[in-house]
Amino acid sequence: MTGQKQKMLAGELYVADDPELIADNRRISEWMDRYNAGNSLSQPERQALMAEAFARVGEGCNIRPPFWCDYGYNISLGRGVFLNFNCCILDVVQVTIGDMTQIGPGVQILTADHPRDPVQRRQMLEFGRPIAIGANVWIGGGAMILPGVTIGDDAIIGAGSVVTRDVPAGGVAVGNPARVRVAG
């Protein structure tokens, strides 16, 4: 691994325009071409393709194409995870999704972040903060999960919500920014 990839995986400032990271992105882009062309594939066939690209894929997972991600190797899916059409995971660092979690269409899970300092942004620096989504979570269509968020087991995220803060187990969060309306 080059220094930039090591920095990325550690959540430190890095530059994405690095030969190793470009090669990794090209690899997953070619994988997405195959995966997204497989609309008629069975769940076991999709699961086999996911196992090629992701860190972990539990039994019975299904992602309906099209699906988008940065690298794939930072994504871990528990058993029975379901992502509906047109989900996007920017996985510059770890994204963990627990067993039996259901994710609606058009959901964005975004670990990638950018410095608040304009000098650092001009240097094309970025960083990532991991996202952890518990088991048996339901995320409504069009929701956005922002960098560094943890969502507890059995939580519900309302459709179109922008989740900027952690959501406790059993919590119901809705709105922009999402607020916990029902505590777990």
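How far apart are the mean positions of the positive and negative charges of the protein chain? In this predicted model, the mean positions of the 16 positive and 19 negative charges lie 6 Å apart.

The protein chain holds 184 residues, and its radius of gyration of 16 Å agrees with the value near 16 Å that a compact globule of this length would have. The principal axes of the C-alpha trace give spans of about 40 × 40 × 20 Å. Buried residues account for 45% of the 184. When contacts between residues at least 6 apart in sequence are considered, 27% of them join residues at least 24 apart.

The secondary structure of the protein chain comprises 4 helices and 20 strands. Among the strands, S1, S12 and S11 form an open sheet of 3 strands in the order S1-S12-S11, with antiparallel pairing. The edges of this sheet are strand S1 (14-15) and strand S11 (112-113), each of which pairs on one side only. In general, the strands of a sheet pair through backbone hydrogen bonds, in either a parallel or an antiparallel manner.

The pairing of S11 with strand S12 (residues 125-128) consists of 2 bridges, and these two strands run antiparallel. Within this part of the sheet, Asp113 stands opposite Phe127 of S12.

Methods: Residues are numbered from 1 along each chain as its sequence is written. This is a predicted model: local features need pLDDT of at least 70, side-chain atom pairs count only at pLDDT 80 or more; totals for chains, interfaces and linings use all residues. Side-chain values use heavy atoms; hydrogens and water are left out. The radius of gyration is taken over C-alpha atoms; the globule rule is 2.2 Å times the number of residues to the power 0.38. Buried means under 20% relative accessible area, exposed over 50%, partly exposed in between (1.4 Å probe, protein chains only). Contact means heavy atoms within 4.5 Å. Lys and Arg count as positive and Asp and Glu as negative; His and the chain ends are not counted. The place of a charge is taken as NZ of Lys, CZ of Arg, CG of Asp or CD of Glu. Two strands pair if DSSP finds at least two bridges between them.
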